[in-house]
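This briefing covers a few packing and surface features of one protein model. The notes are grouped by topic and are meant to be read beside the structure.

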Amino acid sequence: MGKNDYTDEYWMQRCLILAAQGGARVAPNPQVGAVVVKDGRIIAEGYHHCYGGEHAEVNALKKAGSEARGATLYVNLEPCNHHGKTPPCTKAIKDQGIREVVYGIRDPHVPGDRGGVEQLRRDGVGVRGPVLEEPCRKLNEVFFVNIMERRTFVALKWAQTTNGFLAPKNGRRFWLTSDEAVEDAHYTRSRYQAILVGASTIRADDPRLDVRYGEGPSPQRFVISESLDLPQAAAVFLGESPAIVLSPINQTGSGSKRKVAGFKVEYIKTNDRSLFIKSVTRYLYDHKIYSLLVEGGAETLSQFLFNRLADRVYIYLSPIFLNDGIQVSFNRDTDSEVLKNWSIDEIRQVGSDLCISLQRKE
């Protein structure tokens, strides 16, 4: 390809690749990548590394230096026009002499004429967009739910046999997926701030719930339990950053708050034990947990589905068959009704398994 043959979509795809490197470290900020292009070639590029750090546009512009004058800046999210932990990116763009900005999707933060697009135009900078709007929205689906719905983004993940079983009915530990799928699942963990399982999963599988394969931070770990009948020597309670146990208590505060040796318990007030999962999500959002991955067991996963609290589902589908076993239920009465709220977003081959990603319909 010649230097002028690259399209806006080509450069925006590069922004998305850069942005994804920020991962969960940037929360509650969005994942953003920026590319400075001049005469059909990249002058500089950057991405938002961590919350509180400089934004992608500023990182890229600093690398570009004087060469930024007259160039085009590509960025997957509309540049900010407000003072937060850092100055507005619109000012840096104007000061560096950028000729034109091409954005992927508008920022839901600021409506009306206070947005970055409007400010750049007032400053005489050309603006075009949106470009690859849906991929840009998908990359920052957590951010959009946080901002627009004021709640934690919840993803569910499980592995199952081709005929729908998570494990044998006797509850014994049973390895379903390939090594490649395990590594892929660990990468998925690294994309979320927190991970949660039910007490039965701790007792049956003793998972560590960390990221051991590949790069990326381990999520903060949570376990939900009403009985608090948990093994103190479980892997999640050992080492640095041990898991926190979340347990229900009456809304009035009545009931026993037991001191339990071996792990920390946070008691969450709830009017109805059947609505405890909703109370958990409120607790997490109030404690600045903006993205959550739920990994089991079947009852815990089902509760999130019953209460319409999940935004994304990852299913690792193994070619193994079981005659009988434990399943996830999408609905107490009829699975088909709940499945209408979901669509297949992606299907990938991972080793000998398939990873099927479902997204909640708007």
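**Contacts and cores**

Leaving aside residues up to four places away in sequence, N307 touches S274, L275, I277 and K278. The model is predicted.

Residue N307
- N307 sits in the loop between α10 (298-306) and β12 (312-318).
- N307 counts as buried because its relative accessibility is 14%, and buried means under 20%.

- In soluble globular proteins, nonpolar side chains tend to be buried together.
- The largest nonpolar core has 40 residues, of which V36, Y74, I98 and V101 touch the most other members.
- Helix α1 (residues 8-19) supplies the largest share of this core, six residues.
- Another core, of 32 residues, lies apart from it and has F276, I289, F304 and I315 among its members.
- Not counting residues up to four places away in sequence, Y74 is in contact with D8, W11, M12, C15, G33, A34, V35, V37, V102 and R128.

Surface patch
- A nonpolar patch on the surface is formed by I344, I347 and L354.
- Together, I344, I347 and L354 have about 270 Å² of accessible area.
- L354 belongs to strand β14 (residues 353-360).
- L354 has 30% relative accessibility and therefore counts as partly exposed, the class between under 20% for buried and over 50% for exposed.

Notes
Residues numbered from 1 in each chain as written. Predicted model: local features only at pLDDT ≥ 70, side-chain atom pairs only at ≥ 80, totals over all residues. Heavy atoms only, no water. Core = buried A, V, L, I, M, F, W, Y, C linked by side-chain atoms within 4.5 Å. Buried < 20%, exposed > 50% of the residue type's maximum accessible area, 1.4 Å probe, protein only. Helix = DSSP H or I, 4+ residues; strand = E, 2+ residues; numbered from the N terminus. Contact = heavy atoms within 4.5 Å. Patch = residues over 30% accessible without salt bridge, like charges linked within 9 Å, V, L, I, M, F, W, Y side chains within 5 Å. Areas by Shrake-Rupley, 256 points an atom, 1.4 Å probe, with all protein chains shown as cover. Salt bridge = Lys/Arg side-chain N within 4 Å of Asp/Glu carboxyl O.
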